[in-house]
Amino acid sequence: MANLLWLQSGGCGGCSMSLLNAESPDLMTTLDAAGIRLLWHPSLSEESGSEVIAILQQVIDGAIPLDILCIEGSMLMGPMGTGRFHLMGGTGVPMINWVRQLAEKAQYTVAVGSCAAYGGISAAGDNVTEATGLQFDGDLSGGLLGADYRSASGDKVINVAGCPTHPNWVTETLLQIALDEFDPGQVDNLGRPRSYADHLVHHGCTRNEYYEYKASAEQPGQQGCMMENMGCLGTQAHADCNIRPWNGEGSCTSGGYACINCTAPEFEEPSYAFTKTRKIAGIPVGLPTDMPKAWFVALASLSKAATPERLKTNAVSERIIYPPSKQKHEKQ
Amino acid sequence: MSRILVGPFNRVEGDLEITLDIADGRVESAKVNSTMYRGFEQILQGKNPLDALVYTPRICGICSVSQSVACAYALADAMQMGMPRNGELCTNLILANENMADLLTHFYLFFMPDFARPVYAAQPWYETVARRYRAASGEAAREMLPARAEFLHLMGLLAGKWPHSLSIQPGGSAKPVEAHDRLKMLAILAGFRRFLERRLFGDTLETIVQLTSAAELSQWAAQKPWQSSDLRTFLHLSQQLQLDQLGATTVPFMSYGNYPLEGERLFRPGVIDAQGTRTPLDSNQITEDLSHAWLTGQDRPQHPELGVTQPSLENQQGYSWCKAPRLDGQVMETGALARQLNNGHPLMMDLAARSGANVHNRILARLLELAIVVPQMERWARQIDPSERFCLHSAMPDSAIGVGMVEAARGSLGHWLSVEKGRISNYQIIAPTTWNFSPRDSQGIPGALEQALQGTQVMEGEKDPVSVQHIVRSFDPCMVCTVH
């Protein structure tokens, strides 16, 4: 059995809530299958108050082995590095101190969500709470535990980034660890599991035909590609949201809104509005990953010139006006 | 007199600590500490107003959509725009999907597992109850999680994902529903209804909704053994443990009203006092008091439109990061019980007239709401017309103010937005648990939970009194929303 301890700090608890959406099989069955025993989880466990503190203390004392430490939420270092913005209830001790001590004991340390990985939403604006990730502060190595931190297995913090995380990103990572199949080659240079971070949100996007022809949506609810006007970063965002759907058959882009690249460090502070595309001389500033600008401009202007009327019209409509057809088009 | 510090609480969303002063085996006074500050109101300063749709849902992973809807309403108010009928229907369905999932999560994962604690091992019902509701390993959680996950497939169809969607817009929904989506929704709702009727209620939703008095409820419960459904089990436990005597408050109940459709709301707004007198809600009378919070910047209580959020540990009286919201200077209790009382549901009116606000009535009002809202969701889904508009568009003026008020599962949530020069110049949020778990105000009046805990019996040597656990969870607190 692998012991798992889960703690929350400067976040919203949404990654835990998302985890409860795990299906085929459900979360409890998945944990059973992996031989993972919950030492404590804030939403799921019986123990409260002094019982929890006793568990944490036994882990720190070495009386209970800690195989997997999952941390959700940013590490709140403020004010002035004291950690006083989050004292763990009943203890008077900053959560960052608990996490430091527990991370010393953990075989593997997992940051669940972009907050715990990089700072995330809690680090937005002027970052008054001095929010940081476990081993990254934004895209810089460091964070609470420092660039040199290694868990007992010799690994860096595994960053299951996302805001929130897809339940299966988390369960697969836990399974990999529990089955002793994790190695450093399984994560990218930002510590994200490659099982999902080797894909782009663009892959499998239902708007791909509109993208090919640069037939773009102009307002929320319209069917066209959202890259040109609506701020969509799906061609740059590392995640498999359109391959591995959310809540049955959903994703951000299928839900009618832009990908905001929530698996990336510092996504919380876009250089422009989240749902408007920044352009220079009419050309979107952020180009698809690996795409040379000149080629993008050339291909875009070529495909725009070739856009079928069907796509041009449907792109700015809430529903299909012209279905694909070899017949002469008639407006419905 | 002795003092105990209880925390960290789990099976509440976020972190919580309570200081109890105990004399003669009873709580003499309680101080509720919301232990974490993240500063969303500071983060939102200077942002593009529409970016609030990205930030505010991330205040909370369990009330994410409620935050989105409050934000969209505030933006729509500032932009002076409304939603088309389809937009209202979709927004109501998405909000109800989250709220109903939350009510279910609260009952099965957060509230009921406390009855499986060893402290109750000598009770005649213990074996049955522990087997079904024990935290993490009980059979109820294993049945409920797949039902919840499948119910949340509505989010996949209507909102892309849950939590943290961006489909809810000031002008409606950015996800037009196609004809086949609508049919799928009806099928998902039918599946969820089946779970509720078979496991939770042991009867049709319509039968539950039509119960009009405490006597009818008792009669209904007696028709079958107490083990035959989760509601009957709860009623049995509640009777055995006298949960209607636990966690009483006498403060007024407030609801902002919920689920608007073409000018009418399914649940009406209002304030109802302990004597049952109902008055309209005047949101201009809402203020926030910082006297016992680790905050500064206001020398007196302010309406949230003028509110300031500035952390400071200088306040010697401070014991929480939570502000103290008041309506016309009064403490309010908010949540499902407040909603059903303001809406005049006869069963809850009768129960409240008999025993007021307490653990029993709070939990029952939540379950009743599931029976009321799920059939309504079926009607909303049928009313969607895929050939009509889902979203209208408008521009944000350079200077505007807007208010968004909504009911999350756990109570009243308000957003107050000011825009100047096209940017957010102030954004203040009062969440349900800000009301319920408020600290004292400058008059020294304790918040709703602080009052509910007074007089609670504590057994000799209890470090984490089980009665306190029941009372705290009867409010279904969301601590991450509370301070934000």
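# Reading helix α4(B) and chain A

User: How many of the 27 residues of α4(B) are buried, and what does that tell me?

Analyst: In this predicted model, 26 of the 27 residues of α4(B) are buried, so the helix is largely enclosed by the rest of the structure. Burial here means that 20 or more other C-beta atoms lie within 10 Å of a residue's own.

User: Which way do residues along a helix point?

Analyst: An α-helix makes a turn every 3.6 residues, so those three or four places apart point the same way.

User: What span should helix α4 of chain B have, and how far apart are its ends?

Analyst: Counting 1.5 Å a residue, helix α4 (residues 85–111) of chain B should span 39 Å; its end C-alpha atoms lie 37 Å apart, which agrees. There is also a bend of about 30 degrees in α4(B), at B:T105.

User: Now chain A. Into which domains is it divided?

Analyst: Domain 1 of chain A covers 2–196 and domain 2 covers 199–319. Their centres, taken over C-alpha atoms, are 32 Å apart. Where they meet, 18 residues of domain 1 of chain A contact 14 residues of domain 2 of chain A. The domain 1 side of that contact has nine nonpolar, seven polar and two charged residues.

User: What helices and strands does chain A have, and how compact is the chain?

Analyst: Chain A has 10 helices and 13 strands. Its radius of gyration is 22 Å, close to the 20 Å from the globule rule for 332 residues, so chain A is as compact as a globular protein of that length. Along its principal axes, the C-alpha trace of chain A spans about 75 × 45 × 35 Å. Of its 332 residues, 56% count as buried.

Technical notes: Residues are numbered from 1 along each chain as its sequence is written. Chains are lettered from A and ligands numbered from 1 in the order in which they are written. This is a predicted model: local features need pLDDT of at least 70, side-chain atom pairs count only at pLDDT 80 or more; totals for chains, interfaces and linings use all residues. Helices (H or I, at least four residues) and strands (E, at least two) are DSSP runs, numbered from the N terminus. The expected span of a helix is 1.5 Å times one less than its number of residues. The bend at a residue is the angle between axes fitted to the seven residues ending there and the seven starting there. A residue is buried if 20 or more other C-beta atoms lie within 10 Å of its own, exposed if 12 or fewer, and partly exposed in between; C-beta atoms are placed from the backbone. Domain bounds come from an automatic or database domain assignment. Two residues are in contact if their C-beta atoms, placed from the backbone, lie within 7 Å. Ala, Val, Leu, Ile, Met, Phe, Trp, Tyr, Cys and Pro count as nonpolar, Asp, Glu, Lys and Arg as charged, and the others, Gly among them, as polar. The radius of gyration is taken over C-alpha atoms; the globule rule is 2.2 Å times the number of residues to the power 0.38.
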